[in-house]
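Open the model in your viewer and keep the selection tool at hand. The stops below say what to select next and what is found there.

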Amino acid sequence: MVTKTAVPPQHSKVVIPDSITLVINDRKFKFSVGDGANDVSPSETLLDTLRKRLQFTGSKESCGVGACGCCAVIVNGDAVAACMTLTADLDGKSVTTLEGLEDAKKGLDPIQQAFIDEYAFQCGYCTPGIIMVSKALFMKNAHPTPDEIREALAGNYCRCISHYTVLRALNKVAGNKDAELSNFVRAVDLVEDPIPVAEEMYHSPYANGHVCKHSLD
Amino acid sequence: MKFRDVKQPNYRHVGKYTPRKDAKEIVTGKAIFLDDFSLPHMLYARTKRSPYPHAKIVKIDTSAAQALEGVRAVVTGENAPFLSVLGYPVHRTFFEDKVCQVGEPVALVAADSLEIADEAVDLIKVEYEQLPAVFRADLARLDGAPQLYPDRFEHNEVDPGCPYFQPDGAWWQIKRGNPDKALKEAAFVASDKIDFNQMPCPAAPEAPSIIARYEGNEVFTLWASAGSSHIMKLELEAYMPGFTTDIVTFNVGGCYGNKQAMLVQAISASMLAHATKQPVKLILSKAEQLTSFEVRLGSVMDATIGMDKDGIVTAVKGTWFVDNGSVCNATGGQVGVGLGEAQLVLAKCENWFMDSQMVVTNRQQAGIVRGYGGQELNSCLEKLLCAVMQQGNFNPLDVLKKNYVSHGDRYQWRDGRTYRSRSSFFFPEVMQQTADRFGWAEKWKGWMKPTSVNGTKARGVGMGVIGNADVQEDNTECIVRVIPKLDVQNIGGGQCFVTVETDVTESGMGQRSNACKVAAEVFNCPVEWVSITPSGSKFNPSNFGLCGSRGTITTLKPVSEAAADAKRKAMEIASHKLERPVDQLYMKDMVIYVRDTPEINVAVSKLADRELSIVGYGKHTEKFDVPSCMTVFIEVEVDLETGHTEVVRLAGGTDIGQIIDSKALEMQLHGGVGSACLDTAIFEECCLDEASGRPMANSMIDYKWRTFNEIPPYDAYVMESQIDTFMFKAIGIGEISGAALASATLMAISNATGVSVKEYPATPRIVLKAMGKA
């Protein structure tokens, strides 16, 4: 491959290729590197390449300094902050974004499905990064412990507090039992010796009838 | 009445978990947030900001910026395309000849790219003459303090009240009974001045973001990461006189009240769009969001509380100083709610003089943040309540159970009117049940006594209670349409779809899906058959938005009423077709059956005239007579050598009336751990360098936040007593789920350390200082 130097060679060993090839979500992309109108500039971040150049907008821009994890993607099996990764450094690497997790035949990744089943998000802005960091963890360790999961996600910011349901979803995927960090108790479930009621006929009292568990109806 | 005797309906959908309508889009990256959206010919905006907290602008030179290739407009006070004002009450123009906070816009740039806009901002040269600045509300009122708006606010004091919320006139004080006499007669009295004044940042992961396009004829369209298109439109049209705005929203990446309107950003983008006649996208950088966007109100309370020998608060007298930062935007509404919530917590008190004073200072502009005034005052008031409870050696659980608003108690709300609670009979029982599950009786050892000590680690517990009668605030309307599937081949079809038309933006609460869910409940059909119109102000019926936990009642009530109205019409038509009275019919899965002979039936799709739908209408008009209640408990572990505090465990309890969606509610309770609630008592603050007036945390590395491996266990206890609100007997809770956590945390830290820690946040330095170690 023909390369050019970014700075005079006597000051640095950094070399920047003329062109780079990446596999992103199983598709091969080739970019020329430089200052031209359509070139990937040496300072272009992976996040900008994904979002602005390729319209993979699943990865979210938030802190811009690698602190919040909203932009996390997987590069060669490792979760990285796309806002702190230069595209020009990724020649020959494989990148997976949230858009690449769903399998055309098998459907959603088990982590994605667990996030739906456990409602493991609120606003959803941090969710792409949380899922990708989780996926990278599970790719290396199919059965992480609850502590390993919490530690892996320590760099992911979530302000709505989806933490409890995220951990519930991931512990489910990992097969961890008794890992629940939050309990949700409905008082009605604790009523002892409920008053017997008529056999249920209709589902909805406002649609077509009125049935109660604990009333004298 | 006992809880077990409360009638518990057995719904098909309501109360159960239903995956959100946008769940698959969220987990696959296909959900659209503002920065995922673009318009043709769009320009990019950046803002030149003041580096000084208070300074006259002597000169602005934009010539170099304007000459830069790719720059399409540079707007300053000298060439602004239209007049815009700021503040409610209005107290300034958008561009003044001076700046009142670090980060205040002094010039706006629109360019072909962000990089060019950034370069242009650097080329703008501004000459300032610095002025003295003031950073505390109580100091800003003093003679000789720097004046921000001397022609408008004497001593920086903002006109009290909020006319939009207070049609009978301004209300900003609780005045009743004889507090002086009651204080003299009280068995226990405590006085103190308490700060909750660090003005933390809600820090939504998605920065405030706007795209503005000028349509001509004084009309703008704005695409915004706003929590409420209605609030944004309401305020923006007041601040850009003569213009009409249509607001479109997307999925919003965290709001917490903080991104409801984003007025400065919206006006900035609109000015540039007007100047260039091109769409302009303005997205704040994280540094801008943290250091110049709206933060939580500053709060200082100087008050005295009296309590009788039974633990009933008998008198409250004091003043609440509210720091707006550099601009006051309808803070009178927050003050009204804060004063209202204080009365809910101390509802048996008959002697009040609680004054409030809103003040402008040279700090970062404050705005709406989850808790909306209530959290700010509660964090001071319940801390002072600790002092008087300690004097009487009362168990706080007993005191808060006795004093909290009961069914039938009276209180004034934000409009200044007096209401009588029609809410739950079970709030004390919820407090007790939550306490029992938390293990309060075993952990509570008395005031300033740790639950346990292990070496240098001491544990302590605390609790708090707060309530909110805003759950029915503001009016909303909804249209529900039952739309038969088009049947061009006239094959009889049979399928129907339901469309809910109301303006709800999804910022995490799941109320868009809940609206579909209650409509499906009314029609007794699958939720998948119901959809909701895209959020935006132009084509939807009016909806004030999701604020004050209002969404549960004020959105779901009109939706369910509109659905019931449409259903009633369908049943009446079916009654004619089937020749049976309506009360002999029932509907399931969009087929109407005769009750005893279900083989006689008709599909709803055949009831409407061809090409037409069956339409229902519902509305909600505001009331304030059903307060909610949130009880929280916390156990902390304090390192007595380092002063570091860890949260060991949390518990929260509420009577929600009826759960609409179990998992959505659970997360609303969890939400109190985030969004500048719990950690405002432990480590969250906007640190200010008072020498320069500059906020010091300008990245998510500097600003402290709770990580996944620091999340404590949370026990939620939820009662459903079927509160008389609307068809589904539910109320909302998210606004206040964490609002009492700050005061509860200081109680717990004080008990762990054995000394009263009363400064927020209780960082290691504060804890060690209180212990006499620093």
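Start by selecting helix 2 and helix 5 of chain A: helix 2 passes helix 5 in a right-handed crossing. A crossing is called left-handed if the near helix is turned anticlockwise from the far one by less than a right angle, and right-handed if clockwise. Helices (H or I, at least four residues) and strands (E, at least two) are DSSP runs, numbered from the N terminus. This is a predicted model, in which local features need pLDDT of at least 70, side-chain atom pairs count only at pLDDT 80 or more, and totals for chains, interfaces and linings use all residues. Residues are numbered from 1 along each chain as its sequence is written, while chains are lettered from A and ligands numbered from 1 in the order in which they are written.

Helix 2 of chain A covers residues 110-117 and helix 5 of chain A residues 163-174; they pack at an angle of about 135°, with their axes 9 Å apart. That angle makes helix 2 of chain A oblique to helix 5 of chain A. Angles under 35 degrees count as roughly parallel, over 145 as roughly antiparallel, 65 to 115 as roughly perpendicular and the rest as oblique. Axes are lines fitted to C-alpha atoms, for helices over the stretch in contact, and angles run from 0 to 180 degrees between N-to-C directions.

Now show the side chains. Helix 2 of chain A makes the contact with A:Pro110, A:Ile111, A:Ala114, A:Phe115 and A:Asp117, and helix 5 of chain A with A:Ala169, A:Lys172 and A:Val173. Two residues are in contact if their C-beta atoms, placed from the backbone, lie within 7 Å. Six residues of this contact are nonpolar, none polar and two charged. Here Ala, Val, Leu, Ile, Met, Phe, Trp, Tyr, Cys and Pro count as nonpolar, Asp, Glu, Lys and Arg as charged, and the others, Gly among them, as polar.

Next, select the whole of chain A. Six helices and eight strands belong to it, and along the sequence they follow the pattern β-β-β-β-α-β-β-β-α-α-α-α-β-α. Of the 217 residues in chain A, 47% are buried. A residue is buried if 20 or more other C-beta atoms lie within 10 Å of its own, exposed if 12 or fewer, and partly exposed in between, with C-beta atoms placed from the backbone.

Colour chain A by domain: domain 1 is 1-100 and domain 2 is 101-184. Such bounds come from an automatic or database domain assignment. The centres of the two domains of chain A, taken over C-alpha atoms, are 26 Å apart.

Just after helix 1 of chain A, A:Gln55 takes a positive phi of about 60°.

Then select A:Asn76, in the loop between strand 5 and strand 6 of chain A. A:Asn76 has a positive phi of about 45° although it is not a glycine. Is A:Asn76 buried or exposed? It counts as exposed, because it has 12 C-beta neighbours inside 10 Å.

Compare B:Met590, in the loop between strand 25 and strand 26 (591-594) of chain B. B:Met590 is not a glycine either, and its phi is positive, about 65°. B:Met590 counts as buried, because 22 C-beta neighbours lie inside 10 Å.

For the last stop, look for two cis peptide bonds in chain B. One joins B:Tyr88 and B:Pro89, with omega about 10°; B:Pro89 is in the loop between strand 4 (85-86) and strand 5 (92-93) of chain B. Another joins B:Tyr760 and B:Pro761, with omega about -20°; B:Pro761 is in the loop between helix 17 (741-753) and helix 18 (764-770) of chain B.
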